[in-house]
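Please examine the sequence and the three-dimensional structure shown below.

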Amino acid sequence: MADHDKLATAMMTDRNLALELIRVTEAAAIAASRWIGLGKKNEADGAAVEAMRKAFDAVAIDGTVVIGEGEMDEAPMLFIGEKVGAGGPSMDIAVDPLEGTTLTAKAGPNAIATLALAESGNFLHAPDIYMDKIAVGAGLPAGIVNLDAPVAQNLRDLARAKHCDVSDLVACILDRERHHDLIAHCREAGARVMLISDGDVAGVIATAMPDSQIDIYLGSGGAPEGVLAAAALRCVGGQMQGRLLYESDDQIERVRGMGHADPKRCFSCEEMAKGDVMFAATGVTGGAMLRGVKRSLGGAITHSIVMRSHSGTVRYIEAHHNFVQKTWTPT
């Protein structure tokens with residue numbers, strides 16, 4: 001086969017895979033949407049997990065979950081190490097079937113169903129512990145922010161790179177007691193602070209979305225979510241750094257057991273999600289990045305995004321689902 005034919009075949013395969021990934025996140029989002037506003041976050045999460053796991057059965061990959069719902073003895077499906085897919089190229093998978101379980105239960109904004117895909121060995125194996133994070137969007141000088149630098153310095157450097165004042169910047173931070181000092185330092189430096197209750201994957205990605213009005217993401221959140229966010233930023237040229245945080249010696253030993261010789265290492269975006277990465281997400285509740293699921297009698301409308309690091313392509317997909325004709329029954 002000629003080189004141009006191989007390229008065309010690869011492009012067609014990638015396009016088909018992108019649509020297959022969107023079908024997986026759509027299934028999870030539709031299942032979770034049944035529980036929006038009902039105050040039952042565990043039920044919403046369980047519905048999303050089950051729907052996503054079933055949808056993977058039709059995806060033409062030999063997939064291994066490396067970021068998932070927990071260890072095998074903690075999660076009935078989409079656990080770390082689980083094999084998914086209908087067969088095909090060997091891929092590592094990072095998933096969060098419902099990022100924003102509390103947001104869904106309370107009908108808050110920015111809940112999403114999300115996943116990322118890379119060739120085997122290209123995702124950071126991150127345990128379910130906290131990670132300190134800093135992230136900015138695309139089009140900025142390399143290394144413009146640094147996790148080890150004082151907050152005020154990062155804000156000044158970012159403002160200089162964006163040709164604006166620090167007072168024009170908006171920092172997105174999870175509204176947690178542990179971030180009290182961080183929030184105070186941002187405001188003392190002159191920046192505005194957008195506090196979010198949950199959903200730090202969406203918060204990190206928002207730094208790269210022109211309409212989000214978020215310039216920088218700061219603070220600690222889940223390490224698995226950090227890997228997913230890094231995968232998305234890889235696709236759009238954003239920058240991110242993350243360092244694992246520990247609450248016990250057992251967690252440090254567990255991380256060493258996962259192959260990380262230096263538990264205090266600061267990981268770059270490229271180290272958390274290497275190679276050619278694909279990222280997909282579907283909105284569950286509406287937010288700055290995606291519209292939420294709109295259910296109707298016998299159907300639903302979903303809004304999704306799919307990105308690929310190799311091409312830098314970002315596609316938004318609106319899908320109209322007819323439950324009567326679907327081969328699966330939405331929850």
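At 42% relative accessibility, Arg256 counts as partly exposed, a class that lies between buried (under 20% relative accessible area) and exposed (over 50%), computed with a 1.4 Å probe on protein chains only. Glu253, with 47% relative accessibility, is likewise partly exposed. The model is predicted, so local features need pLDDT of at least 70 and side-chain atom pairs count only at pLDDT 80 or more, while totals for chains, interfaces and linings use all residues. Residues are numbered from 1 along each chain as its sequence is written, and side-chain values use heavy atoms, with hydrogens and water left out.

The side chains of Arg256 and Glu253 form a salt bridge with an N to O distance of 3.0 Å; the term denotes a side-chain nitrogen of Lys or Arg within 4 Å of a carboxyl oxygen of Asp or Glu. These two residues are three apart in helix H8 (residues 249-257), and therefore about one helical turn separates them. Helices (H or I, at least four residues) and strands (E, at least two) are DSSP runs, numbered from the N terminus.

The whole structure contains 12 salt bridges. One of them joins Glu82 to Arg53, at 2.6 Å from N to O. Because Glu82 lies in the loop between strand E1 (62-67) and strand E2 (83-84) and Arg53 lies in helix H2 (residues 41-56), this pair ties together parts that are 29 residues apart in sequence. Both Glu82 and Arg53 are buried.

Another salt bridge links Arg265 and Glu271, whose closest N and O atoms are 2.5 Å apart. Arg265 is partly exposed at 38% relative accessible area, and Glu271 is partly exposed at 27%. Elsewhere, salt bridges that share partners join Arg53, Asp57 and Glu82 into one network.

Attention may now turn to the largest pocket, which holds about 770 Å³ of space. On a 1 Å grid over the protein atoms alone, a pocket is an open set of points with protein on both sides within 12 Å along at least five of seven lines, and lining residues have an atom within 4 Å of a point. Grid points are joined across faces, edges and corners, and the volume is the space filled by probe spheres set on them. Of the 33 lining residues, Asp96, Thr101, Asp128, Gly222 and Glu225 are the closest to the centre. Two or more lining residues come from each of H2, strand E3 (90-99), helix H3 (101-105), strand E8 (216-222) and helix H7 (223-236). E3 contributes the most, with four residues.

Key. On a 1 Å grid over the protein atoms alone, a cavity is a set of points where a 1.4 Å probe fits but cannot get out, and a pocket is an open set with protein on both sides within 12 Å along at least five of seven lines; lining residues have an atom within 4 Å of a point.
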